[in-house]
Amino acid sequence: GGAGERRASGRRSSSAGAAVSSSTAAAPKAQSQPSVAFSGLPEGERLDGFLATVASLGGSVVEDAAALSGSTVMVVEPSPSVSRTIKLLVAVSVCDIVTPEWVDACRAADQFVPVDAYLLGECTVSSKGIKVPWDAAKARTRAAAAPCLRGRTFYITKTTSPDADKLKIIIEKAGGATVETLPTTAPRSPLVVVCTDRDRRELQRLQGMRNVSELRDAELLAYLLQQKYG
């Protein structure tokens, strides 16, 4: 992720990533103590203030994308665009994504307030200088209906960006499964090979193999942002 993640890592509460207990899971979000993640926010006085607000209200800060869960609230900066970090690619599958105004409202109320009025909507997502429109509200609705990659299995090559370790987290958080080796014969169930153009020679032997298909890494990330496969 960005500088915001690095800053948060030094201030993470010892209770980071703790899930809401079953006794409070059905309570309004204003009554729970969420874990909060920050993504793409620059280091500085503003981020320091957000971290202090979360700590003062008894919440915890999650720095690791793998630790994001349904009890996490992700705060992103939508202006001029949302940074397409690893955290964002995980968060779209598992948790609420809000604007910084949510933290301001929590500070003003001296408690964690419901996220509904601060959920991210239509915006622009940027990565490596490329900006694309994104409707976070539609993605949120689709994610709530069903995990985007549920029932699909993936093999990740060594040339992808993000790398295989990060893509594994992103895929599994979206309901997919991953395997570590390529099959030598046609697999019994469909397998998607996430790859780049640099993998052509390595993947030649898979050409025409039943139940095996290829998907470029950039396409997978686009599907995940939309929470719509294909």
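This is a predicted model: local features need pLDDT of at least 70, side-chain atom pairs count only at pLDDT 80 or more; totals for chains, interfaces and linings use all residues.

Analyst: A handy place to begin is Cys195, which stands opposite Arg216 in strand 11.

User: Which strands does strand 11 (residues 212-216) pair with, and what makes that a pairing?
Analyst: Strand 11 pairs with strand 10 in the parallel sense, over five bridges. Pairing calls for at least two bridges between two strands, so the label applies here.

User: And how do you know that strand 8 (residues 153-156) pairs with strand 10?
Analyst: By the same test: three bridges join these parallel strands, and the cut-off is at least two, so they count as paired.

User: What makes strand 10 "largely enclosed"?
Analyst: Strand 10 covers residues 191-195, and five of the five are buried, so the rest of the structure largely encloses this strand. Buried here means under 20% relative accessible area. Both faces are covered: Leu191, Val193 and Cys195 are buried on one side, Val192 and Val194 on the other.

User: Why are strand 9 (177-179) and strand 11 called edge strands?
Analyst: The open sheet has four strands in the order 9-8-10-11, with parallel pairing. Strand 9 and strand 11 each pair on one side only, which is what the edge label refers to. On average, neighbouring strands of this sheet are turned by 35° against each other, direction ignored.

User: What makes you say that helix 6 (residues 164-173) packs on this sheet?
Analyst: Helix 6 touches strand 8, strand 9 and strand 10, and contact requires heavy atoms within 4.5 Å. The direction of helix 6 makes about 170° with that of strand 8.

User: Which strands does helix 8 lie across?
Analyst: Helix 8 lies across strand 8, strand 10 and strand 11, and runs at about 80° to strand 11.

User: What is the volume of the largest pocket, and which element gives the most to its lining?
Analyst: The volume is about 310 Å³. Of the 15 lining residues, the closest to the centre are Arg84, Ser127, Val132, Ala218 and Leu221. Helix 8 gives the most to the lining, with six residues. By class, the lining has eight nonpolar, four polar and three charged residues.

Key
Residues are numbered from 1 along each chain as its sequence is written. Side-chain values use heavy atoms; hydrogens and water are left out. Buried means under 20% relative accessible area, exposed over 50%, partly exposed in between (1.4 Å probe, protein chains only). On a 1 Å grid over the protein atoms alone, a cavity is a set of points where a 1.4 Å probe fits but cannot get out, and a pocket is an open set with protein on both sides within 12 Å along at least five of seven lines; lining residues have an atom within 4 Å of a point. Grid points are joined across faces, edges and corners, and a volume is the space filled by probe spheres set on the points. Ala, Val, Leu, Ile, Met, Phe, Trp, Tyr, Cys and Pro count as nonpolar, Asp, Glu, Lys and Arg as charged, and the others, Gly among them, as polar. Axes are lines fitted to C-alpha atoms, for helices over the stretch in contact, and angles run from 0 to 180 degrees between N-to-C directions.
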